[in-house]
Amino acid sequence: MLANLSDPAVLIITGIALSISTLSLYISHVFLPAKMKEAYLKSITALAAAVETKDSGTVGHAMRVAELAVSIAKKLGITGNELERIQYAALLRDIGKAIIPQAILNKIEPLTPEEWKTVQKHSELGAEMVRAVPFLANTADYIVHHHEYWDGTGYPDGQKGEGIPLGSRILAIASDYDAMTSQRPYHPRALEPEEAVEEIRMDSGSKYDPTVVDAFLEVVNGHMTSLEKVKAA
Amino acid sequence: MGSLRVYRILQFLSFLGAAATAYFAWWCVPVPAHAWHSVAWFVLFATLAELLGVMMGPEDSDLEVTPTSPIYWAAAAVLGPFSAIIVCILCGFLSDLVSSTSYHLATSLDSIISSKQTHCTSRIERYVSQFLHKAGSTWEPRAQENWFVMLNRDMMYMSAVVMLVGIGGLTYHWLGGVLLQSSNVVLSLRNFILPFLGLVAAALAVEWCLHLIVMVVIDPIPGANGLYGVLLRMKLILIEEVLPFARAQLFLIVVALQMAYLFSRIGVLGFIVAAMPIVALRDFFHNWVTRRSAYLDTITTLATYMQHYHPYTRGHLKRVAEISTRLARELRLPAESIRHIGHAGLLHDIGKIAVSEEILDKTSKLEPEEWEKIKEHPLKGAEIISHLDFLEGIVDWIKYHHKWHDGRGYPLTNGSDGANIPIEAAIIAVADSFDAMTDDRELSLEWICDSCGHKPENNERPRKCPNCGAEKRRTYREPKTLDGAIDELRRGAGTQFHPRVVKAFLSMIERDGVHLDAR
């Protein structure tokens with residue numbers, strides 16, 4: 001029986017069968033997951049962008065915040081799934097604004113306490129939306145607390161220090177930095193990057209977690225020195 | 001009960017046919033020496049194949065094929081028709097035995113798992129349970145049936161299989177095929193491949209003929225008698241059962257050919273080589289389908305939530321999705337459209353996220369510039385959707401869901417008339433308008449008296465305020481009655497709405513009523 005193994009037809013058929021199997025295993029276990037991950041990232045960025053057009057009218061904040069948050073997280077030694085979780089949370093952090101009236105979001109005059117409360121609801125609303133989606137449910141924790149401050153002055157729960165999840169502490173810095181450096185109707189002059197970095201450095205230990213601020217400064221300094229190098233060259 | 005008697009006669013005839021085929025097979029083609037060994041292997045593999053059906057396409061396309069038939073064909077070519085018949089019969093009994101056992105084992109395993117205190121099940125338990133469920137899935141629907149009915153049907157099914165395998169094997173023999181088990185001749189087109197194709201053709205022809213006869217007898221088409229009924233049934237079988245499986249069938253023929261050849265050369269190893277690509281492809285299709293649907297569900301859920309600025313929207317979107325899906329089925333659109341039109345129904349208004357709520361909620365007349373804002377929403381929605389993978393197909397459905405059949409409506413496109421609007425967009429337009437006309441948006445608002453601010457308990461919605469007696473004003477207009485909405489659709493057919501869609505909608509409503517799951 002095994003002597004027949006040298007039969008060329010047997011060899012050819014076996015070869016074809018083996019290559020079909022290998023190819024389909026490769027596609028379904030390596031290629032497909034990678035492609036799906038890409039599709040998720042792209043779609044979620046698109047949805048976040050849709051909310052941004054409603055919120056600030058300019059697109060790209062979510063992407064920038066995600067980039068910054070991921071670099072900070074990397075500096076803090078976070079890898080793998082956790083890094084991905086922070087990335088998705090950063091993209092989706094303001095998705096709750098989709099169901100907050102545009103008139104309040106874009107108001108130029110100071111908000112009334114009532115309106116301010118409505119705006120503050122966006123982190124909880126966003127977390128609720130994300131919780132309904134199995135694949136993204138684990139980002140809900142980070143989204144709820146992304147406006148909490150280290151000293152307990154943030155919203156919605158006024159949590160303090162280590163009580164705030166690390167992912168949210170990273171998001172707080174990344175999103176505040178982006179908010180300070182970009183123009184908004186209620187905040188017409190955007191800060192220069194150096195000014196914003198200085199603000200965040202000053203609030204280290206009061207608003208922000210000092211260790212995360214250190215990582216942030218490292219990221220920003222690395223970025224700025226590389227920029228200077230480019231300029232010098 | 002004339003048809004029952006005919007059925008019994010049919011049953012008797014099929015037993016007779018099976019017996020005759022078996023006798024002929026035994027008489028015409030001698031059973032090769034030492035065949036029993038191989039018979040046992042064939043039975044084993046055929047049973048495995050029977051229990052683990054293979055999905056050869058997207059889940060909802062029903063392309064599940066059990067790769068048992070190629071094993072039977074291969075058996076007929078390797079061992080001759082009589083041994084192949086034995087293989088069929090033994091496999092029938094064995095697979096029933098295994099599937100009933102695994103069904104019972106699966107149920108008891110489930111009860112053991114659910115009675116455990118912890119909620120987490122170990123990985124092994126999950127795999128075993130999955131496997132047993134899969135293997136027992138053919139038994140599950142039968143568990144409720146009367147054993148006598150079951151036995152009768154099984155016997156009839158088995159005699160059909162005996163006939164097709166026997167006749168296939170005889171054809172192979174008459175066309176000059178050699179029995180692979182006993183010969184060491186060099187195989188060629190003339191003595192192996194062509195006869196084998198003849199075998200498959202004969203087997204399929206017998207299978208479809210038997211199916212046709214049974215269907216004509218037990219399920220006659222009303223209003224079609226005699227030859228016309230037979231032809232009509234033939235057409236139906238061709239369209240619904242033969243053509244959709246043509247590609248899978250072709251694949252199975254190739255598998256059977258190589259299985260027969262490999263088994264004759266390298267024995268059991270041949271089965272494994274032949275089964276490898278099937279198992280891998282099965283894994284691939286399964287993975288692809290589950291991942292894609294998980295992705296689509298995730299993204300649509302998230303996007304649907306993003307539209308819930310108003311409590312009214314949620315129900316509306318779900319109903320539009322449901323009506324659209326039913327309409328797409330009614331119009332017999334391609335499977336791909338039916339699969340995605342529900343997503344489109346849920347997402348059709350996502351462009352409104354860019355429109356201020358003040359404009360959307362305005363009950364008084366809109367200013368021209370406000371109208372312009374609203375008119376942008378289909379384009380904005382299409383823009384958002386175009387970034388979502390696997391939903392590229394629905395971009396145009398969303399873009400044109402406010403475009404009229406006669407070219408009016410929005411968005412304004414140069415020279416676009418009804419012919420360019422995809423039918424799916426027309427379906428969403430009808431579903432959207434119907435639901436908007438019949439739904440009472442008022443119910444989404446809290447009932448508060450306009451003059452004294454009284455709020456009744458128990459969510460009552462009285463006409464007059466029980467506190468001050470003031471008449472309650474409506475914020476939104478009164479919803480139309482069902483007849484009113486239908487009239488409106490009928491009036492708009494050909495101008496605002498696609499006439500074919502309206503026609504389908506009316507016949508659907510007339511037949512099924514307007515009950516909606518999402519209401």
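Two residues are taken to be in contact if their C-beta atoms, placed from the backbone, lie within 7 Å. Helices (H or I, at least four residues) are DSSP runs, numbered from the N terminus, as are strands (E, at least two). The model is predicted, and local features need pLDDT of at least 70, side-chain atom pairs count only at pLDDT 80 or more, and totals for chains, interfaces and linings use all residues. Residues are numbered from 1 along each chain as its sequence is written, and chains are lettered from A and ligands numbered from 1 in the order in which they are written.

Helix H6 of chain A (residues 122–131) is mostly covered, with seven of its ten residues buried; a residue is buried if 20 or more other C-beta atoms lie within 10 Å of its own, exposed if 12 or fewer, and partly exposed in between. The buried residues of H6(A) are A:His122, A:Ser123, A:Leu125, A:Gly126, A:Ala127, A:Met129 and A:Val130. Their cover includes helices H3 (80–92), H5 (113–120) and H7 (140–144) of chain A, together with helix H10 (268–306) of chain B.

The contact between the chains takes 39 residues from chain A and 37 residues from chain B. On the side of chain A that touches chain B, the elements giving two or more residues are helix H1 (8–55) and helix H4 (102–105) of chain A. H1(A) provides the largest share of that side, 23 residues. By class, the side of chain A that touches chain B comprises 28 nonpolar, eight polar and three charged residues, where Ala, Val, Leu, Ile, Met, Phe, Trp, Tyr, Cys and Pro count as nonpolar, Asp, Glu, Lys and Arg as charged, and the others, Gly among them, as polar.

Within chain B, the axes of helix H3 (residues 68–79) and helix H7 (residues 189–218) come within 10 Å and cross at roughly 130 degrees. Axes are lines fitted to C-alpha atoms, for helices over the stretch in contact, and angles run from 0 to 180 degrees between N-to-C directions. H3(B) is therefore oblique to H7(B); angles under 35 degrees count as roughly parallel, over 145 as roughly antiparallel, 65 to 115 as roughly perpendicular and the rest as oblique. In this contact, B:Trp73, B:Ala76 and B:Ala77 of H3(B) meet B:Phe196, B:Leu199, B:Val200 and B:Ala203 of H7(B). The contact of H3(B) with H7(B) has seven nonpolar, no polar and no charged residues.
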